[in-house]
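Q: I am new to this structure and would like to learn how to read its features. May we go through them in turn?

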Amino acid sequence: INFLAPGAKSVEVKLLGGQKQALKRAEGKAGEEGYWTCVLENVSPGFHYHEYYLNGIEVINPWAPLCYGCFKPINFFEMPEPDFDLHQLKNVPHGSIRMNYYKSSQTGRTKLCYVYTPADYDKNPDKSYPVLYLQHGGGENETAWVWQGKIGNILDNMIANKQCEEMLVVMNTGYSFREDGSSDPLLGSVTEEIVEDCIPFIDSFYRTKKDRAYRAMAGTSMGGMQTQKTVFAHPDLFAWAGILSGGLTIKNHEVDYSNILFDKDKFAQTFRMLFVACGKQDVLYKMTEEGVSTVLQHGVTPELYLTDGYHDWTFWRHSIVKFLMKLFR
């Protein structure tokens, strides 16, 4: 780790969830005047948020990669994964990440969404595509699947390898709260916004396959909870769902999904696939495992990806690959 701060009294770095480690002045080396440095050892493979403290005050390192996470701009770095590289840039045909705006009926505001289109989208004007609505988790925004998730690289590589179908992917912000306070305090009015505003806009602006069999929704953490709420409320619009580290709700004080999750015939009529993923080191794993066990006892069989992993982008990249391999097939 290197940080240029000639006048600093102290510089520290902290991996998210870890301990702070002090950097030392780089002394006696030509070209390194003013730099502070340290080596982080035994760092696990994958994606890592990290924070810097200059004289005890949290700052951004302008020489390190930057994204939006934990409700703030935050630095990150990548440790190579020996057996996983689908998120890396490769020499394959590349799709595009496009920016679009639409009006929210819930907040009255103009909303931004990002849309991935496959490499051949502009080359085949008569071809239409299925659509995946892909949500981020709490503390992040609509850029998360682009920068942290590397969804563009993942889809480019998987499509080139014929590991998944060509599709459009729509990435919305997960925050939508009405001014009168009537939105869900945790999940907001995202369900209404996507169903009433975003889907009609995407279907009018892009060449989409509009049948429910070609529409999916998935998300991480908070986005996984928003996914379950949305697809269970609108089975006429979605046939595919992916809950990544978002638990599996059967019944609580607001909703009751047991009529679907306890009836294998109705479940089969409702979903082409309900994908549930959670890492065994995730705080939500026990709840997820209990929910999965309960629905399995009723003969309902969601697609499962329950393996070692944390509540982080390393696990979510692996999860989305498993999901995409089966989606729209």
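Q: Which residue takes a positive phi in the hairpin of E2 and E3?
A: This is a predicted model. In the hairpin formed by E2 and E3, the residue with a positive phi, near 85°, is Gly17. Four residues lie between the two strands of this hairpin.

Q: How many bridges join E2 to strand E3?
A: Strand E3 (residues 20-22) is joined to E2 by three bridges, and the two run antiparallel. Within this pairing, Val13 has Gln21 as its bridge partner in E3. Strand E2 (residues 11-15) also pairs with strand E6 (residues 46-54), again antiparallel, through five bridges. There, the bridge partner of Val13 is Tyr52.

Q: What is the order of the strands in the open sheet of three strands?
A: The order is E1-E5-E4, and the pairing is antiparallel. Strand E1 (2-4) and strand E4 (24-25) each have a single partner strand, so one side of each lacks a neighbour in the sheet. Between E1 and strand E5 (residues 35-37) there are three bridges; Phe3 has Trp36 as its bridge partner in E5.

Q: Which residues have the most contacts inside the largest nonpolar core?
A: The general idea is that nonpolar side chains tend to be buried together in soluble globular proteins. Here, the largest nonpolar core has 42 residues, and Leu132, Ile320 and Leu324 have the most contacts inside it. Helix H8 (residues 313-326) supplies the largest share of this core, seven residues. A second, separate core has 36 residues, including Cys113, Tyr257, Val276 and Val292.

Q: Which residues does Leu132 touch, not counting those up to four places away in sequence?
A: Among them are Met167, Leu168, Val169 and Val170, together with Ala216, Met217 and Ala218. Leu132 also touches Phe323, Leu324, Leu327 and Phe328.

Q: Is Gln226 buried or exposed?
A: The cut-off for a buried residue is under 20% relative accessible area. Gln226 counts as buried because its relative accessibility is 1%. This residue is found in helix H4 (residues 222-233), and its side chain reaches the backbone oxygen of Leu187 at 3.2 Å. Leaving aside neighbours within four places in sequence, the contacts of Gln226 include Gln135, Gly174, Val190, Thr191 and Met217.

Q: Is Pro125 buried or exposed?
A: An exposed residue is one over 50%. Pro125 counts as exposed because its relative accessibility is 54%. Pro125 lies in the loop between strand E11 (110-117) and strand E12 (131-135).

Terms used
Residues are numbered from 1 along each chain as its sequence is written. This is a predicted model: local features need pLDDT of at least 70, side-chain atom pairs count only at pLDDT 80 or more; totals for chains, interfaces and linings use all residues. Side-chain values use heavy atoms; hydrogens and water are left out. A nonpolar core is a set of buried Ala, Val, Leu, Ile, Met, Phe, Trp, Tyr and Cys residues joined through side-chain atoms within 4.5 Å. Buried means under 20% relative accessible area, exposed over 50%, partly exposed in between (1.4 Å probe, protein chains only). Contact means heavy atoms within 4.5 Å. Two strands pair if DSSP finds at least two bridges between them. A polar contact is a pair of N or O atoms within 3.5 Å; within protein, one must be able to donate a hydrogen and the other to accept it, and residues adjacent in sequence count only if both atoms are side-chain atoms.
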